[in-house]
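Subject: A structure for you to look at

Hi there,

Here is the structure I promised to pass on. Have a look at it first, and then read my notes on the side chains below.

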Amino acid sequence: LTMAGFLAPSLQAGASGGKPVVDFGALGSLQALQWNHTNTAIKAAFVVFHSLGATSPLLGAVTNQPQDFVRGVSGQLYNNDISSLASRAAAYGANFVSGWRIEPLTATLPSGICVVSVVPTTDARASAFAMDRHYSARSGGQRLAEVIIYNRALTDQERRDTEAYLMRKWLNRAAPGYGYEG
């Protein structure tokens, strides 16, 4: 659903290895998509995206809703002032970028497309793509390739297998610890 006052993103055919992506335009473009409901039981999230702006949210929220995935102002995965922004569930959970575990309060995302995996410590929430609550300056700013959300706990092997699948599909390479048969 396109939110009031916001624009729909565009489909960019063949943008990532011949596969289409959803382009939300530059950071501040007002391009965002609201989900048909707030998912309040996210136990694992896998997002294949290319961040075009340091504060483009991994997963977003609409106005006046809690935001569990607030990006840092300098490009880190989450804002390091988690007392008021990114939830402890996401920030202190297991966070990976293209198969490698990262420190999400300090690590920045790569400049190209990547697979971001989050296994929060408790249920996390999200309700939009490319939207950080009511901050229009933090809308857009990404190209979204694929999102997989689980509302059940995953084993470590299931997490690794999902990352491997997404890395093979979108990055054309093996995940750490997996062989690649192209």
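Lys 169 is partly exposed, at 31% relative accessibility; buried means under 20% relative accessible area, exposed over 50%, and partly exposed in between (1.4 Å probe, protein chains only). Its partner is Glu 146, and the two side chains meet in a salt bridge with 2.8 Å from N to O. A salt bridge here is a side-chain nitrogen of Lys or Arg within 4 Å of a carboxyl oxygen of Asp or Glu. The pair links distant parts of the chain, with Glu 146 in strand β9 (residues 142–150) and Lys 169 in helix α2 (residues 156–171), 23 residues apart. Helices (H or I, at least four residues) and strands (E, at least two) are DSSP runs, numbered from the N terminus. Glu 146 counts as buried, at 15%.

Before you go on, please note that this is a predicted model: local features need pLDDT of at least 70, side-chain atom pairs count only at pLDDT 80 or more, and totals for chains, interfaces and linings use all residues. Residues are numbered from 1 along each chain as its sequence is written, and side-chain values use heavy atoms, with hydrogens and water left out.

How many salt bridges does the structure hold? There are eight. One of them joins Arg 125 to Asp 68, with the closest N and O atoms 2.5 Å apart. Because Arg 125 lies in strand β8 (residues 124–129) and Asp 68 in the loop between β4 (44–51) and α1 (88–91), this pair ties together parts that are 57 residues apart in sequence. Arg 125 is partly exposed at 29%, while Asp 68 is buried at 2%.

Asp 132 and Arg 138 form another salt bridge, at 3.2 Å between the closest N and O atoms. Asp 132 is buried at 2%, and Arg 138 is buried at 18%.

Salt bridges also link Asp 156, Arg 159 and Glu 163 in a network. Arg 159 turns up again with a ring: its charged end sits over Phe 96, 3.7 Å from the ring centre. For this, NZ of Lys or CZ of Arg must be within 6 Å of the ring centre and within 35 degrees of the ring normal. Lys 19 likewise lies over the face of Trp 170, at 5.7 Å from the ring centre.

Happy exploring, and write back with any questions!
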